Amino acid sequence: MQKSLSRLIGITATLGASLAFAGGVSDTEIVIGTHLDLSGPVAAGMPMLRNAMQMRLDEANAAGGVNGRKFRLVVEDNGSQPQLAVRAVQKLTKSDDVFAILNPFGSGPNAATVKMATDAGVIVFAPWAASGIIQKVSGNSPLLFTTVQNYDSTTATGVSWAIKNWGAKKIGVIYQEGPFGDLVKAGMNAALKEANLTPAAEAAWKAGDIDFSSQVAKMKAANVDMILAGTIVRETVAVMAEVRKLGWKEVKVLTALPGRSGIVAALGKDAVEGLYGIGGWKLHGSDATDADAKKFQTAFKQKFNADPDENAANAYSYTDWFIKSVQAAGKNLTAESFAKAAQGVSHQDFTTYSKQSFVGNHVSPEYASIDMVKGGRWMQQVAPMTGLVK
């Protein structure tokens with residue numbers, strides 16, 4: 001309680017006052033925390049996030065740190081379970097006294113903990129979660145900075161483009177029950193409303209579902225000309241496999257932002273050929289030609305003896321943006337000085353479509369490209385767009 005009070009006093013103090021360093025900050029060190037799914041359903045993908053984050057922090061430390069301070073990362077397990085995330089964040093904020101929580105994973109775990117962390121005066125930077133929901137749960141805290149594009153706005157842009165360019169008129173949606181699916185449907189409905197259309201069919205799925213035959217059959221019965229797949233990795237592959245099984249060649253399948261993943265193309269193989277996806281960041285394969293992407297890939301492979309995926313690239317990118325914001329905050333590093341500085345720090349690298357900055361503590365601009373799986377990899381079909389296509 002005393003730590004939380006001292007943090008909040010520091011946040012509300014004026015810049016002209018004499019401020020003590022924030023929690024987790026000393027003359028020589030900045031303590032950073034994160035909570036990832038190390039034991040749950042997506043544990044296999046977490047080394048990419050953790051290692052890329054650690055690599056960028058190590059690079060900063062090797063260069064002398066920031067204002068003489070080195071970064072130290074504390075990693076906790078949330079198992080993709082909100083209750084485990086609560087315990088993890090309690091430890092990070094109370095026992096470890098972290099300055100910030102960086103790249104925490106999961107919409108549920110972040111929704112359960114973001115307000116607890118920000119109320120304790122801790123920066124929460126780049127949570128891997130539904131940004132609009134996390135911002136709302138936090139009470140739009142000035143200490144929260146979201147970098148994941150909103151699923152509703154990007155879906156609206158993609159569906160609007162499909163209506164205009166494919167002439168899609170009978171659009172069905174397969175969506176996950178809960179906040180993620182609600183956002184995907186909200187984006188779709190915004191695009192349909194603009195075009196004076198209504199959904200032709202809707203079919204829900206629950207986390208853990210592996211059989212999507214009934215959902216795809218419902219789309220077929222409605223004779224839709226486009227399926228919007230509000231799906232992630234395994235579910236996206238399953239939807240496309242069912243479409244293939246039915247020999248349904250006339251329908252186009254467009255997956256929302258989380259499904260446009262390199263893992264989908266690798267796992268789905270022939271089943272996902274021709275799948276369309278809404279993309280929010282650049283993808284670089286092993287044959288990358290971008291010099292900065294190749295440099296990152298080579299360094300990651302040398303350090304961890306594994307090829308980095310797009311999740312590693314994004315975790316590295318978000319960590320870099322965080323470090324730039326720490327630098328901009330200056331020697332007197334507090335949650336308040338960081339929050340003010342981050343508002344003016346722009347970011348652009350091999351993962352981004354353009355220069356980005358924070359508007360209302362959320363990444364801007366929000367771009368959405370239209371990509372398609374060709375020859376086992378995602379190929380961009382339409383240059384990145386912002387907002388509903390007019």
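Guide: Helices (H or I, at least four residues) and strands (E, at least two) are DSSP runs, numbered from the N terminus, and two strands pair if DSSP finds at least two bridges between them. Strands of a sheet pair through backbone hydrogen bonds, either parallel or antiparallel. This is a predicted model, in which local features need pLDDT of at least 70 and side-chain atom pairs count only at pLDDT 80 or more, while totals for chains, interfaces and linings use all residues. Residues are numbered from 1 along each chain as its sequence is written, and side-chain values use heavy atoms, with hydrogens and water left out.

Seven strands make up an open sheet with mixed pairing, and their order is 7-6-8-9-10-13-14. Strand 7 (201-205) and strand 14 (377-385) are at the edges; each has a single partner strand, so one side of each is left without a neighbour in the sheet. On average, neighbouring strands here are turned by 20° against each other, direction ignored. (Axes are lines fitted to C-alpha atoms, for helices over the stretch in contact, and angles run from 0 to 180 degrees between N-to-C directions.)

Opposite V382 in strand 14 you will find I370.

Helix 6 (residues 151-166) lies across strand 6 (171-176), strand 8 (226-230), strand 9 (252-255), strand 10 (276-279), strand 13 and strand 14, and runs at about 170° to strand 8. Helix 8 (residues 213-221) lies across strand 6, strand 7 and strand 8, at about 180° to strand 7.

R377 forms one with D287, and their closest N and O atoms are 2.7 Å apart. R377 belongs to strand 14 and D287 to the loop between strand 10 and helix 11 (291-304), so the pair ties together parts that are 90 residues apart in sequence. R377 is partly exposed, at 36% relative accessible area, and D287 counts as partly exposed at 46%. (Buried means under 20% relative accessible area, exposed over 50%, partly exposed in between, with a 1.4 Å probe and protein chains only.)

Technical notes
Contact means heavy atoms within 4.5 Å. A salt bridge is a side-chain nitrogen of Lys or Arg within 4 Å of a carboxyl oxygen of Asp or Glu.
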